[in-house]
There are 2 protein chains.
Amino acid sequence: MSTIKDVALRAGVSRSTVSRVMNNHPYVDEEKRRAVKEAMMELGYSPNSSAQRLRGTETRTIAVLVSRIVNPFFGAIVDAMDEVAAEHSYRLILCNTRGNANQELHFLQLLQTKQVDGVIFASLVNDWETIRPFSEYGPIVFCNEYLREAEGVPVITINQKQAMYDATMHLITKGYERIAYCNIYDPLKQQSTLSALAEDRFLGYKKAMEEAKMSCDESWRFAGHSVEDGKRIFKELNNLAGKPDAIITGSDEIAAGIIAEAKGNGWRVPDDLAVVGFDNQPTAVLLDPKLTTIHQPTLEMGREAMAQMLAAVKKEPKLAQVLYLAAPLLIRQST
Amino acid sequence: MSTIKDVALRAGVSRSTVSRVMNNHPYVDEEKRRAVKEAMMELGYSPNSSAQRLRGTETRTIAVLVSRIVNPFFGAIVDAMDEVAAEHSYRLILCNTRGNANQELHFLQLLQTKQVDGVIFASLVNDWETIRPFSEYGPIVFCNEYLREAEGVPVITINQKQAMYDATMHLITKGYERIAYCNIYDPLKQQSTLSALAEDRFLGYKKAMEEAKMSCDESWRFAGHSVEDGKRIFKELNNLAGKPDAIITGSDEIAAGIIAEAKGNGWRVPDDLAVVGFDNQPTAVLLDPKLTTIHQPTLEMGREAMAQMLAAVKKEPKLAQVLYLAAPLLIRQST
DNA sequence: CTGTTAGCGCGTTCAG
DNA sequence: CTGAACGCGCTAACAG
């Protein structure tokens, strides 16, 4: 590996001059500039970034925390973030927290140890009290999940409550009378309390049910996360005395599991059971029946969150404190 | 931000001693060790990793190249890699190449500039001639995609040819007579030549067809990548004079697109058209009919690739040069 | 067992 | 316009 010294030697100039050429300083003799560039080419020189970082400060790297990258929802968000980051020559470091609070803190230390310029949370398990101290080491942005107490931290998300309200209202309007609710719940998550996101979603459901004066049985509440959870939930639901005729879920995976199991048991969807998903993943239209679901604008969320982060890193004025993107209900065949 | 100097000052020792404590050196007075740890706590000290890297060499970071992380196949592989990496306190830097050859080279420079200890290719567009020079800066591992000429580079993949041979034989045995083939082809990819992986797959199809003395019309060859491509391919196929009665595809997405469009046009699957996927993504069993597909052991591939990488980084003896994992055909309802 | 010393590769004054 | 000199934070070799 050649260093700046080697280049300087070969070009017959001092290291400072080489440095100036690299950083496009003005006031460098054209001839020497050419000589330096030539020497760099010949040696296949490239600057040691650790040294650059030690001297300067920025790493041009952003950490992105997700619970599991296999989840297409997170995949899409990360993809969008990466797009914006790449445009600005920033890199992403992928932090798969697996819903583990300690892992999350561990990754947060990347900020403390100056290995990244900022941290974006797409998943979130720790509370603000725990995270707060780290915020002094660099910017933090919430994308998707959020914490109410975290003042001053940009939040890019959808209006969870409104989305669930819309979905519930849709079912009520359609004439469904026993509407069950399935909370989004990541079993990997180590804490038992509901996230702000899950709380808000439930509030939307509750508000609609109350406005319509619908009874809403405690036994109609489920929780889950995966296709498997969906299958399990159908079984639970099928064992109930008063069976629901519709269910709103927290993810397309859960919905897919419920539909698969329901069909397997001879139920017709949406006649015997209406199912609403959440996310609008690419597979939603591949299911039979096609899934009615809430569209999450993953592209915009990811892009916007990264834009906010880059603005924060460059200490530009913040674009917005909280951004609620629209999440329209897409009515298809499952309701 | 406090440095090692601050800690030393506060603990009343030299910087070397602080360093020794951090690195768990033996031969440090217990009392001083305690004093140092206390000082570190009080100052909230954490070492500057750029400085550590500058001094030592390892970054404990591995770059993983994928064409697009939204693809659940890559998501699963990366997830598995991350799992192993995390166990050994290594981190992943996610490189979304978008099938762009220049992007790929750009990320390869991370190796050259010592920002990562190694690079794993899950996607691959450049040729060996281009990549080879970088291999002197650190270990490279191929996972999934590969290059035949790249001697000495570990390859973790499945036996592509065998997999396609099995799938084709299955259709032949079932009595299908006009078996079309859809190559995996990433439209993002900038080069027009087929990858070694795609080549090998096609060879498997061809071998089975020849052994069974089946005619195999040139017009029955398609290429694609996404659900949209699948839909397009069905339309093309539907316009053909002699229509195929079966098709083998390079991904579950393509297969899903073909099935969706076929059903929309009143075709019955598998009666009018049998469809075979590739990957066995979670959605394969959610489709109706359930998809016959080739299972890719993403978990093992990712884990094994990372294990190879870590072994290479630590200069341990290589486990194996090339590893072909089994990729069984899962026969379900679409054939 | 411990402090002193000497760089790792680079950017940035500060005098020319 | 250019080079000399200094230090970023840390580790390792060398004397004690």
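Which residue of E2(B) stands opposite A:Leu92? It is B:Leu94, and that pair makes a handy way into this predicted model.

## Where the two chains meet

Strand E2(A) and strand E2 of chain B, residues 91–96, run antiparallel to each other and pair over 3 bridges. That pairing is where A:Leu92 and B:Leu94 face one another.

The contact as a whole draws on 35 residues from chain A and 35 residues from chain B. On the chain A side, the elements that put in two or more residues are helix H4 (49–55), helix H5 (72–87), strand E2 (91–96), helix H6 (101–112) and helix H11 (252–264). H5(A) gives the most, with 6 residues. Sort that side of chain A by class and you get 17 nonpolar, 11 polar and 7 charged residues.

## How the copies are related

Turn chain A by 180 degrees, with a shift of 0.0 Å along the axis, and it lies on chain B with an RMSD of 0.1 Å. The two copies are therefore related as by a two-fold rotation axis.

What about the surfaces they use? Of the interface residues of chain A, 100% are also interface residues in chain B, so the copies meet through the same surface.

With 17 other C-beta atoms within 10 Å, B:Met22 counts as partly exposed. From B:Met22 to B:Gly56 is 34 residues in sequence and 14 Å in space, going C-alpha to C-alpha.

## Inside the protein

In soluble globular proteins, nonpolar side chains tend to be buried together. Here, the largest nonpolar core has 99 residues, and those with the most contacts inside it are A:Ala63, A:Val64, A:Ile120, B:Ala63, B:Val64 and B:Ile120. A second, separate core has 82 residues, including B:Ile158, B:Ala167, B:Tyr181 and B:Ile233.

Take B:Val64 for a closer look. Leaving out residues up to four places away in sequence, B:Val64 touches B:Val78, B:Met81, B:Leu92, B:Leu94, B:Cys95, B:Ile120 and B:Ala122. One of those, B:Leu94, is the residue opposite A:Leu92 that opened this report.

Conventions. Residues are numbered from 1 along each chain as its sequence is written. Chains are lettered from A and ligands numbered from 1 in the order in which they are written. This is a predicted model: local features need pLDDT of at least 70, side-chain atom pairs count only at pLDDT 80 or more; totals for chains, interfaces and linings use all residues. Two residues are in contact if their C-beta atoms, placed from the backbone, lie within 7 Å. Helices (H or I, at least four residues) and strands (E, at least two) are DSSP runs, numbered from the N terminus. Ala, Val, Leu, Ile, Met, Phe, Trp, Tyr, Cys and Pro count as nonpolar, Asp, Glu, Lys and Arg as charged, and the others, Gly among them, as polar. Two strands pair if DSSP finds at least two bridges between them. A nonpolar core is a set of buried Ala, Val, Leu, Ile, Met, Phe, Trp, Tyr and Cys residues joined through C-beta atoms within 7 Å. A residue is buried if 20 or more other C-beta atoms lie within 10 Å of its own, exposed if 12 or fewer, and partly exposed in between; C-beta atoms are placed from the backbone. Copies are superposed by least squares on the C-alpha atoms of residues with pLDDT of at least 70 in both.
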